[in-house]
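Work through the following exercises with the sequence and the 3D view side by side. Try each task before you read its solution.

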Amino acid sequence: EILLEGARSLSTRFNPVVGCIKSWDWNPQWTCPVIIDNMMNLELLTWAAREGGVPEFHDIAVAHASTTLRHHFRADSSCCHVVDYDVSTGEVRGRFTHQGLADDSSWARGQAWALYGYTMMFRETRVPAYLAQAVRIAEFILNHPTLPADKVPYWDFDAPAAPETPRDSSAAAIICAGLLELTEFVPSEAADRYRAVAHQQLRVLASAEYRAELAENGCFLLKHATGHMPHKSEVDAPLNYGDYYFLEALLRTRRQLTQADPRQQRGSRR
């Protein structure tokens, strides 16, 4: 019931003219800002529609994902952080960043949210456009020239590729979890490639470079995440969602390794 109440509360943020869930109220210069992070909220709505018998929650999730697909992404399948909409017409007023390097840059965790979000929405809806977008995002990430060899991205893909540039281990963990689920929906050749990268990311994140010693690092698991670089907040620090998706990726890997062909069980949760 707590989860269903959360879904009901979230649904009140939906603007039917825009076709999205409004993110923030704090900036008076924006009328209906929508952040790419909101893709992660949609699973609550699809679950609540299924478990609570409220089909309009599913409709809201699909509307939000489809509107975001139309307006958040660039020609190279990278995404901006914030899209601001006109509440009277639904038209885009502008595209911005809040945590990235620039309005036209590719904030690393934003790309991770997008990859995971569209993979999850394909699992929940089987809308082919969502899977196609997840694949395009994965290819953008994995083929980006600034992605380090260890596959832990710099905090923004457009930030200088230099040793002193902060990494974002949380983005790597989210990308890893997303790639692992994506392997269950794509042909075997692509699945093998995505799985190899995800397993590399897991090994790197579990290494002494990124995995904290017991009771150190504020008792978080992962080191070297970047929360909000423009505001110099949580830079080279642990983040709770980094730990969460690291654990989820480990659980997904364990499940996949114990079944013969993950693609035979598409739609299984963890």
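**Exercise 1. Decide whether Cys-32 is buried or exposed, and find out how many disulfides there are.**

Solution. Begin with accessibility, where buried means under 20% relative accessible area, exposed means over 50%, and partly exposed lies in between (1.4 Å probe, protein chains only). Cys-32 has a relative accessibility of 1%, so this residue counts as buried. This is a predicted model, in which local features need pLDDT of at least 70 and side-chain atom pairs count only at pLDDT 80 or more, while totals for chains, interfaces and linings use all residues. Residues are numbered from 1 along each chain as its sequence is written, and side-chain values use heavy atoms, with hydrogens and water left out.

Next, recall that a disulfide is a covalent bond between the sulfur atoms of two cysteines; here the criterion is a pair of cysteine sulfur atoms within 2.5 Å. The closest cysteine sulfur to that of Cys-32 belongs to Cys-20 and is 7.1 Å away, which is too far for a bond. Cys-176 is in no disulfide either, since the nearest cysteine sulfur, in Cys-79, lies at 19 Å, and Cys-176 is buried with a relative accessible area of 0%. The count of disulfides by this rule is 0.

**Exercise 2. Classify the ring pairs that Trp-24 forms with Trp-26 and with Trp-30.**

Solution. A pair of aromatic rings is described by the distance of the centres and the angle of the planes. Rings of Phe, Tyr and Trp (its six-membered ring) pair if their centres lie within 6.5 Å, and planes under 30 degrees apart count as stacked, over 60 as edge-to-face and the rest as tilted. The rule gives 12 aromatic pairs. For Trp-24 and Trp-26 the centres are 5.4 Å apart and the planes make an angle of 45°, so the pair is tilted. For Trp-24 and Trp-30 the corresponding values are 6.0 Å and 20°, and the pair is therefore stacked.

Elsewhere, Trp-113, Tyr-116, Tyr-241, Tyr-244 and Tyr-245 make up one aromatic cluster.

**Exercise 3. Find which residues His-199 is in contact with, leaving aside its neighbours within four places in sequence.**

Solution. Contact means heavy atoms within 4.5 Å. His-199 is in helix H7 (residues 188-205), and with those neighbours left aside it is in contact with Leu-180 and Thr-253. Turning to Thr-253, we find this residue in helix H8 (residues 240-257), buried at 11%. With its neighbours within four places likewise left aside, Thr-253 is in contact with Leu-180, His-199 and Leu-202.

**Exercise 4. Examine phi at Cys-219, His-224 and Lys-232.**

Solution. Most residues other than glycine have a negative phi, and most peptide bonds are trans. Cys-219, although not a glycine, has a positive phi of about 70°; this residue is in the loop between H7 and E6 and is exposed at 61%. His-224 is placed in the loop between H7 and E6, has a positive phi near 65°, and is partly exposed at 22%. Lys-232 takes a positive phi near 55° in the hairpin of E6 and E7, which has 4 residues between the strands. E6 (residues 225-228) and E7 (residues 233-237) pair in the antiparallel sense over 3 bridges, and the bridge partner of His-228 in E7 is Ser-233.

Conventions:
Helices (H or I, at least four residues) and strands (E, at least two) are DSSP runs, numbered from the N terminus. Two strands pair if DSSP finds at least two bridges between them.
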